[in-house]
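Thank you all for coming; I would like to take you through one model this morning, beginning with a single residue and then moving on to the place where two chains meet. Please have a look at the structure as I put it up.

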Amino acid sequence: MFKKALLALPVAMAVGVAGTAAQAEWQDPNDVLQKLLEAQPDSKYLHQSEMNIMMMPDNPALYLLDDGEELFYKERGPNNASLESCDFGKGEGVLEGAYVELPRYFEDTGKVMDFEMRLVHCMKEIQGFTSDDSAVSQRHGSGSDIMRLTTYIAHQSSGYAWNPPLDHPKEQAMRDAGEVLFFRRGGAMDFNCAACHGDSGKQIRASVLPEMRNSQEWTKAVSWPAHRAGQDNVRSQNHRIRGCIWQMRHAGILPDTPVNTALISYWNDAARGEPAILPDLKR
Amino acid sequence: MFNRRILTAAVVVSASAALAGCDQFFQDTSDREVDITQMSPEELAEYLVLETNSFRLDQDVQEGGTARERMQQDEIQALCSLEGSPNSETAGQVVAAARASYERPDGGVQLGDWRRGAELARSGYGYRVGHNNDDHGTREPGANCYACHQMDPAETTYGTIGPSLANYGRERGTDESVLNYVHEVVSNPHQYFPCTYMPRFGRNFLTEEQISHVMAYLLDPESPVNQ
């Protein structure tokens with residue numbers, strides 16, 4: 001279904017054997033963005049904000065990196081442990097390329113986990129935090145531990161191609177359920193995600209919306225964490241999902257839940273093969 | 001392009017019957033109790049939405065009832081959960097369901113006050129729940145038309161998901177057949193456009209009075225939409 005993504009591979013990476021790990025290497029987020037802009041000169045979505053494109057080298061999200069790194073290596077929590085033994089899927093403490101290969105199935109929990117779910121899992125299991133501790137309960141805003149850690153960890157995958165694994169049957173099941181969810185209509189206005197992200201160049205009020213079937217638009221769309229200029233805060237993939245579902249007039253979505261995981265499994269897959277912009281800068 | 005298979009009520013019932021008692025599994029550290037690989041994607045999606053505590057389903061919502069009812073699909077939502085356009089059979093079912101549920105207001109379709117309609121058309125407030133709840137007691141819910149349509153040609157920010165409605169009334173007039181048609185579209189557009197992305201504003205969303213104001217904004221010769 002995603003042959004389109006394969007055709008676009010040369011933009012950022014050497015073509016590897018189909019089905020193997022991504023071949024890309026780390027690239028500065030601004031370089032990734034510039035290449036996408038060149039590859040898609042007619043994309044209204046990618047080119048909509050000249051201001052943001054200009055500001056990209058000074059993306060305020062970059063200011064979170066140092067704090068995030070410190071938090072990652074610091075011995076913290078009731079167990080006085082660092083996060084170095086956290087396995088994001090590529091081995092304990094391996095961060096390079098890990099973010100773009102999530103969600104994935106984890107043997108130790110027996111389930112498919114998205115990035116934020118996994119991070120919270122590690123902070124609880126390794127560091128001993130509980131749901132009530134602000135270190136894990138505060139999910140949003142540049143001042144939260146979670147967003148600082150997220151930005152630092154995600155940045156280690158900048159320029160790598162999205163490549164969420166689908167080898168485990170549960171990974172495939174969650175991705176496929178995510179696809180159904182993308183088209184599942186409901187709520188007070190009968191919306192599904194495709195209502196606003198199904199066509200190219202469509203606008204909701206002043207925003208030009210990314211199209212899910214254009215993987216070079218979609219890689220930017222799913223490139224979170226990102227500094228949202230309009231909110232003056234760094235935001236996560238999960239925060240974006242919550243915002244769209246709220247605008248859709250569906251029920252309120254809760255953090256660390258499998259609907260998030262399924263949607264992210266599907267949307268990261270829809271950006272497969274394209275390089276991630278981590279962190280990005282958005283309207 | 002593929003048309004997503006329609007999820008029938010029967011599938012939902014059998015999925016939840018088979019899974020009864022396992023509601024909590026995603027909150028445990030292990031999902032060994034339920035094998036998600038044994039479900040079809042449609043069954044799994046339904047299960048994730050309704051039975052894994054992913055949503056605040058018990059929350060009260062503005063139209064009455066709970067958020068759970070919002071997330072349980074009605075016939076039109078289920079039939080229209082597909083990528084692209086419906087095939088002719090599905091389209092026929094959708095149109096029939098939409099016509100069956102449509103009600104013309106008592107006393108016929110009337111135009112209200114276009115000034116009130118202008119405010120409603122611009123407002124995106126209302127019916128949002130979750131981490132933040134729209135309070136209809138302090139502010140009237142709006143109609144969101146500008147999110148998708150150009151209307152007043154002088155307004156510069158508008159969405160493009162729907163066609164431009166600039167000069168809509170000037171081109172059509174306000175005779176009874178026009179009033180009836182526009183009311184049918186605003187109340188339940190699936191009667192003419194099966195599986196459209198335009199919401200059904202007559203279904204627990206706008207009051208008949210609000211619809212009359214929005215219609216005046218579209219059709220009244222005095223309205224800025226028609227200047």
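Let me start with A:Q156, which counts as buried because its relative accessibility is 16%, where buried means under 20% relative accessible area, taken with a 1.4 Å probe and protein chains only. This is a predicted model, in which local features need pLDDT of at least 70 and side-chain atom pairs count only at pLDDT 80 or more, while totals for chains, interfaces and linings use all residues. Residues are numbered from 1 along each chain as its sequence is written, chains are lettered from A in the order in which they are written, and side-chain values use heavy atoms, with hydrogens and water left out.

A:Q156 sits in the loop between α7 (145-155) and α8 (169-183) of chain A, the helices being DSSP runs of H or I with at least four residues, numbered from the N terminus. Leaving aside residues up to four places away in sequence, A:Q156 touches A:W26, A:L95, A:E96 and A:G97, contact meaning heavy atoms within 4.5 Å.

Turning to the two chains, 61 residues of chain B are in contact with 49 residues of chain A. On the chain B side, B:R128, B:H131 and B:Y197 lose the most area to chain A, together 13% of what that side buries, buried area being the accessible area (1.4 Å probe) that two parts lose on being put together, summed over both.

Finally, how many salt bridges are there between chain B and chain A? The count is 4, a salt bridge being a side-chain nitrogen of Lys or Arg within 4 Å of a carboxyl oxygen of Asp or Glu.

Notes
Helices (H or I, at least four residues) and strands (E, at least two) are DSSP runs, numbered from the N terminus. Buried means under 20% relative accessible area, exposed over 50%, partly exposed in between (1.4 Å probe, protein chains only).
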